[in-house]
Amino acid sequence: MSRPEEELLGILKKHGVDFTASLPCEKIKTLLEMAAASFHHLPLTREEEGVGICAGAALAGRRPALFVQSSGIGNMINALLSLTQFYELPLAIFVSQRGIYKEKIEAQFPMGQRLPTLLVGAGIAYTELHSIDDIRRVDQKLKHVYDSNIVHAFLMSPAVWEGSDCGFPDSIGTGLLADCGLKNSATTDSRESCIVHPASPPVFTRYEIIKLIAPYLEGKVVVSNLGWPSKELYAIKHQPSNFYMLGSMGMATPIGLGIALSSKKEVVVIDGDGSLLMNPGTLATAAFASPRNLTIIAVDNGAYGSTGNQPTLAASCVDLEQVARGFGFRNTVKAAGEQELVEVMKRPREGLTFIHVLAVPGNKDVPNIPVHHLEIKKQVQGFLRK
Ligand SMILES: Cc1ncc(C[n+]2csc(CCOP(=O)(O)OP(=O)(O)O)c2C)c(N)n1
C-alpha cells in the first residue's frame with residue numbers, strides 16, 4: 001500500500017509541527033485535505049501572508065509549516081528573506097513543484113523549473129523529493145529546521161503522490177479520506193451568514209455562468225482568470241479579443257485595468273474569488289483610476305475551483321461586493337440567477353462596474369486551450385490596435 005501523504009504528515013507530527021497553513025495546488029489536494037484535518041491549519045489568501053503568520057506563530061513558540069505551489073514562492077521571497085531568515089525563525093515549506101513532471105500547463109515551467117536556482121540565489125536550503133522513498137529525507141532536515149531556526153523548502157514532485165491510496169473526490173467531500181482515518185474539515189456552511197444575498201440563490205457553476213454571459217462578451221476585450229475559467233471560456237466562446245491567463249494568479253483584474261487605462265475598448269475581466277482575495281488591493285487601484293470601460297465579473301464559487309475546490313474565505317466570511325464598495329467602487333451589483341445575470345449584462349454600463357456573481361463549485365470537463373500563449377498575445381494586441 002502506498003500512502004505518501006500519511007507518511008509525510010507522520011514525520012511532521014513526530015517533529016512537533018503544530019501550526020500549518022496553505023494555499024492550494026491541485027497536485028497536493030489530498031495532502032492539504034489531510035493536513036487540514038490533522039493539524040491546526042489556516043487557509044491563506046496569499047502565500048506571502050503565510051510567511052508572516054508563521055513568523056508570528058514561531059515567535060510565540062510554535063513549529064510552523066507551510067504548503068504552497070512553486071509559483072507561490074514568487075509571492076513569498078521578500079518576506080522569507082527580510083523576516084523569517086533575518087530574525088532566524090524556523091519555517092518548513094512544503095512546495096508542490098510544478099513544471100518538472102508530466103506538466104500540462106506550460107505557464108508552470110518558468111517558476112517551477114527555475115525554483116532551485118532561485119532558492120540558491122536567495123540562500124534558502126532545499127531538498128528535492130522525487131518519489132515516495134525520498135519522503136524519508138524529510139525526517140533529518142525537519143529536525144534541523146526547528147533545532148537551528150532555519151528556513152528549508154521541500155520541493156515535492158507530483159511523482160511523489162503517484163499511486164497513492166489516500167484520496168478524496170474532486171468536490172468538497174469526505175469520501176476516501178475516511179480510508180486514511182481522517183475527517184474532512186472543509187465547510188461552506190458559514191457562507192450563508194455573511195453574504196448579502198442576491199434575489200436568487202446560487203445554482204450555476206462557473207461554466208454555466210460564462211455560457212449565460214457569453215453573448216454579451218462579443219467584441220469586448222475579455223481577460224479570463226487562470227485555470228478552468230480560461231479553458232471554459234475558450235470552449236464556450238473563443239474570440240481573438242480574449243486574453244486567456246495561463247498562470248500568474250491574482251493578475252486578472254490588474255491586467256484588465258491596465259488595458260482599460262490604455263485603450264478605448266470595453267474590457268471585461270472574469271475573475272475568481274480566490275484570485276481576487278490574493279490581490280484585493282487592486283480593487284482600490286481600480287476604484288482610484290476608475291476607467292469607465294472596465295467591468296469586473298467576480299465569479300464567486302466560494303472555492304479554489306481549479307485546484308480541488310478547497311474553500312476560500314469568500315465561502316465563510318468575505319462578501320466581495322462589499323469589499324469592492326469598501327475600496328471605493330460605486331457601481332456594484334450582486335447576481336446569481338439567470339434573469340438577474342442577463343439583466344445585469346444587458347444594462348448599459350455607467351462607468352467602472354463590479355459584478356459579484358454567486359456560483360456553486362464545479363468545473364466543466366473541457367480540453368486545454370490549444371492556442372500558443374504568444375499567439376494569444378498576438379491576437380489580443382491585433383484587436384487592441386484596431
Ligand atoms: C501564486 C499561485 N498560488 C497558487 C496557484 C494555484 N492555483 C491555480 S488556480 C487556483 C485557484 C483559483 O481560484 P479562484 O480564483 O477562486 O478561481 P476558480 O478556479 O474557483 O474559478 C490556484 C490556487 C497559482 N497558480 N499561483
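The C-alpha centres of domain 1 and domain 2 lie 29 Å apart. Domain 1 spans 4–180 and domain 2 spans 191–385 in the domain assignment of the protein chain, with bounds taken from an automatic or database domain assignment. The model is predicted: local features need pLDDT of at least 70, side-chain atom pairs count only at pLDDT 80 or more, and totals for chains, interfaces and linings use all residues. Residues are numbered from 1 along each chain as its sequence is written.

**Domain contact**
- Domain 1 and domain 2 each give 17 residues to the contact, where two residues are in contact if their C-beta atoms, placed from the backbone, lie within 7 Å.

**Ligand shell**
- The ligand has 26 residues around it, of which G272, G274, S275, G305 and S306 come nearest; a residue is near if its C-beta atom, placed from the backbone, lies within 6 Å of the molecule.
- At least three residues of this shell come from each of domain 1 and domain 2.

**Overall fold**
- The protein chain has 15 helices and 14 strands, defined as DSSP runs (helices H or I, at least four residues; strands E, at least two) numbered from the N terminus.
- The radius of gyration is 21 Å, close to the 21 Å of the globule rule for 386 residues, so the protein chain is as compact as a globular protein of that length; the radius is taken over C-alpha atoms, and the rule is 2.2 Å times the number of residues to the power 0.38.
- The C-alpha atoms fill a box of roughly 60 × 40 × 40 Å along the principal axes.
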